Amino acid sequence: MSEPDIKKGLAGVVVDTTAVSKVNPETNSLLYRGYPVQELAATQPFEAVAYLLWHGELPDAEQLAAFEAQERSLRPLDPRTVALLDTIPVDAHPMDIVRTVVSQLGAFDETLHRPGGWTDRELDLGRSAYLFAQIPTVVAAVQRRRRGQEPIAPRDDLDYSTNFLWMTFGELPSAAAVDVFRISMVLYAEHSFNASTFTARVIASTTADLYSAVVGAIGALKGPLHGGANEAVMHIFDDIGEASNVVPWLDTALAERRKIMGFGHRVYKNGDSRVPTMKAALDVLIADTGRTDLADLYTALETEFVARKGIHPNLDYPSGPAYHLLGFDTEIFTPLFVASRITGWTAHVMEQAASNALIRPLSAYDGVDERHVGD
């Protein structure tokens with residue numbers, strides 16, 4: 001009997017089709033429903049990108065206005081969610097808090113009890129919009145709670161990005177800050193069958209509900225090899241301290257075979273196509289804040305690491321410092337990723353439900369041969 005061809009980590013395995021996104025190898029561009037993400041980041045509000053991922057087309061003015069009104073109406077937290085947040089330890093990881101809240105929101109959804117309600121597309125569109133609106137309010141409240149501050153209620157006169165920053169920091173942000181944040185949300189929104197999205201699709205393939213799929217996706221995203229990488233980038237920057245320390249720090253890190261987070265990608269081999277857009281946004285913040293020390297450290301580590309290893313930065317490398325300069329706590333970075341990727345996850349959950357097959361791969365057993373008690 002021939003040995004099975006094991007694809008560790010499912011590397012190179014094509015498990016299904018998707019119309020949500022792809023990486024175009026000819027242009028090294030990430031496409032959302034056919035649109036290069038850098039074009040969307042340059043021209044579209046995040047609300048329009050969410051609509052695109054769910055519906056397949058960009059909204060016209062009337063459709064966008066209707067969706068914006070829907071999203072704004074769904075922002076306030078249920079009093080039971082506020083009470084739940086008060087019971088969770090302040091020092092719990094924010095990803096654990098977001099995961100718990102999403103699970104609670106699923107328990108509140110009475111439409112799940114309708115016949116066929118678990119996987120009804122129209123109901124799932126409503127659930128997706130609800131999570132899209134709720135998660136920013138939760139994340140902002142979590143950061144404020146960590147700092148001993150009272151939560152700030154959402155405003156229905158502000159767009160998604162402005163309101164998110166308002167709820168987090170309690171003041172109206174600059175136009176530059178809003179634009180940088182919007183760009184980051186667009187860039188993080190979707191990326192095909194990454195680990196968290198595939199987790200969501202596996203769960204959805206069992207015909208579990210959308211909330212269950214999202215809870216599983218949040219768990220997958222928490223890992224530092226996936227969403228937690230943007231947190232890890234700032235921890236590395238804090239560890240290095242300043243640009244002059246890059247060479248000795250990297251000497252030690254490579255000698256100890258540490259994984260340098262923020263570099264490399266399973267899909268991109270010639271550099272992450274999202275990085276130039278996010279780096280340009282980071283440069284705006286650096287200019288506004290005068291943090292040339294951070295820019296020097298960023299450039300020194302990138303230059304030295306690429307020269308030694310030939311591995312280029314991924315999106316987490318510029319986004320981590322950008323979130324830092326916006327004022328977010330490092331532990332909040334991955335929940336920001338959740339706030340963005342909820343759009344892609346839910347688009348995939350609905351796509352999976354529309355043409356479902358239970359995802360159940362095989363394994364090759366390499367344990368002890370058959371034996372019996374008493375042998």
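A contact means heavy atoms within 4.5 Å. By that criterion, 74% of the contacts in the protein between residues at least 6 apart in sequence join residues at least 24 apart. This is a predicted model, in which local features need pLDDT of at least 70 and side-chain atom pairs count only at pLDDT 80 or more, while totals for chains, interfaces and linings use all residues. Residues are numbered from 1 along each chain as its sequence is written, and side-chain values use heavy atoms, with hydrogens and water left out.

**Overall fold and dimensions**
- The protein has 16 helices and three strands, which are DSSP runs numbered from the N terminus (helices: H or I, at least four residues; strands: E, at least two).
- Its radius of gyration (over C-alpha atoms) is 21 Å, close to the 21 Å that the globule rule (2.2 Å times the number of residues to the power 0.38) gives for 375 residues, so the protein is as compact as a globular protein of that length.
- Along the principal axes, the C-alpha atoms fill a box of roughly 65 × 55 × 45 Å.

**Burial**
- Of the 375 residues in the protein, 49% are buried, that is, under 20% relative accessible area (1.4 Å probe, protein chains only).

- The three strands form an open antiparallel sheet in the order 1-2-3, where pairing requires at least two DSSP bridges between two strands.
- Strand 1 (21-24) and strand 3 (35-36) are the edge strands, each pairing on one side only.
- Four bridges join strand 1 to strand 2 (residues 29-32) in the antiparallel sense.
- Ser-21 has Tyr-32 of strand 2 as its bridge partner.

How values were computed:
Buried < 20%, exposed > 50% of the residue type's maximum accessible area, 1.4 Å probe, protein only.
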